[in-house]
Amino acid sequence: MIHSLFIINASGDVFLEKHWRSVVSRSVCDYYLEAQRANPNDVPPVIATPHHYLLSIQRGGISLVAVCMQEVPPLFVIEFLHRVVDTFQDYFSDCTESIIKENYVVVYELLDEMLDNGFPLATESNILKELIKPPNILRTIANTVTGKSNVSDSLPTGQLSNVPWRRTGVKYTNNEAYFDVVEEVDAIIDKAGVTVFAEIQGYV
């Protein structure tokens, strides 16, 4: 699946890289940068190189480039990259080069939890927030003094649920769902009151 992830700034410098299955040289990003220089507004999302496939997205002035060794469903990887950016925005309120550099430790912890040996594992925000506490000033100071990290010691309850975005063991006093059912009846009746044609349609 995904072997490496490179995050590139607007000037074409790789400022973060993460490897899962094997270490891929950052020189592989030259193929992406050449395509970006050739047409900055329309970089192809999938670039085939002699030994790798590069799948990329551009958001917020940065580019995320995933490196795969064999063919994979491209939309699967692109959706994962968008989920990574959404998670960063959820944790840090924005996803820019300066914010990522300020939170390198949390970013690497998130990437470790989101991908396991190159395969997506936990991408739901609720699960990730139970695993890795979002950074704040007090937690940062406490972690610096005590040497602890933001990673939780226990498994999040959401991973044990059939519905990943909902915590397990939640009980509601009122479990009801309301639906509007609209039905329309069209009929043709002759003068004797016999139905010539009838049709019913409905939707929820």
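The model is predicted, so local features need pLDDT of at least 70 and side-chain atom pairs count only at pLDDT 80 or more, while totals for chains, interfaces and linings use all residues. Residues are numbered from 1 along each chain as its sequence is written, and side-chain values use heavy atoms, with hydrogens and water left out.

**Exercise 1.** Describe how β1 and β2 are connected and paired.

Solution. Step 1: helices (H or I, at least four residues) and strands (E, at least two) are DSSP runs, numbered from the N terminus. Strand β1 covers residues 2-8 and strand β2 covers residues 14-19. Step 2: two strands pair if DSSP finds at least two bridges between them. Five bridges join β1 and β2 in the antiparallel sense; in one of them, Phe 6 has Glu 17 of β2 as its partner. Step 3: five residues separate the strands of this hairpin, and Gly 12 in the turn has a positive phi of about 90°.

**Exercise 2.** Determine the strand order of the open sheet.

Solution. Step 1: β1 also runs antiparallel to β5 (residues 62-68), with six bridges; Leu 5 has Ala 66 of β5 as its bridge partner. Step 2: the five strands follow the order β2-β1-β5-β4-β3, with antiparallel pairing. Step 3: β2 and β3 (46-48) are the edge strands, each pairing on one side only.

**Exercise 3.** State which strands helix α1 touches.

Solution. Step 1: contact means heavy atoms within 4.5 Å. Step 2: α1 (residues 29-38) packs on the sheet and touches β1, β2, β3, β4 (53-59) and β5.

Terms used:
Axes fitted to C-alpha atoms, helices over the stretch in contact; angles between N-to-C directions.
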